[in-house]
Amino acid sequence: MENQQQKPLPTPVENTQYVDGTHALSVRNGVAKLDFYETLGPAPEGEGEIRRIAHRLVLPAAALAELADILNRALAQAK
């Protein structure tokens, strides 16, 4: 049987969150955790910015290959 990518059902997105960037990715015991941050403003010293971890996405580590494929296609289209 050929490996076919599953297509999601046409349902509305339940939850949309805005983030300013990705902070970290950790993988342990087959579970991946992807932390996203939001920017609160410039640092008081004028160097850099103040960031806080705003959201964490938790998924099976096996799903990282699918995520990488989706990101690579998006990057290729953005060129």
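Mentor: Let's start with a term: strands are DSSP runs of E with at least two residues, numbered from the N terminus. This is a predicted model, where local features need pLDDT of at least 70, side-chain atom pairs count only at pLDDT 80 or more, and totals for chains, interfaces and linings use all residues. Residues are numbered from 1 along each chain as its sequence is written, and side-chain values use heavy atoms, leaving out hydrogens and water.

Trainee: How do you know that S2 and S3 pair?

Mentor: Two strands pair if DSSP finds at least two bridges between them. Eleven bridges join S2 (residues 31-42) to S3, so these antiparallel strands meet the rule. One example is Leu34, whose bridge partner in S3 is Leu57.

Trainee: What lies between the strands in the hairpin of S2 and S3, and which residue takes a positive phi there?

Mentor: Six residues sit between the strands, and Gly46 has a positive phi near 85 degrees.

Trainee: What makes S1 and S2 a pair?

Mentor: Seven bridges join them in the antiparallel sense, so they pass the cut-off too. Val27, for instance, has Ala32 as its bridge partner in S2.

Trainee: What is the order of the strands in the sheet?

Mentor: The open sheet of three strands runs S1-S2-S3, with antiparallel pairing.

Trainee: Why are S1 and S3 called edge strands?

Mentor: S1 (21-28) and S3 each pair on one side only.

Trainee: How do you know which residues Ala54 touches?

Mentor: Contact means heavy atoms within 4.5 Å. Leaving aside residues up to four places away in sequence, Ala54 touches Phe36, Tyr37 and Glu38. Ala54 itself lies in S3 (residues 49-60).

Key. Helices (H or I, at least four residues) and strands (E, at least two) are DSSP runs, numbered from the N terminus.
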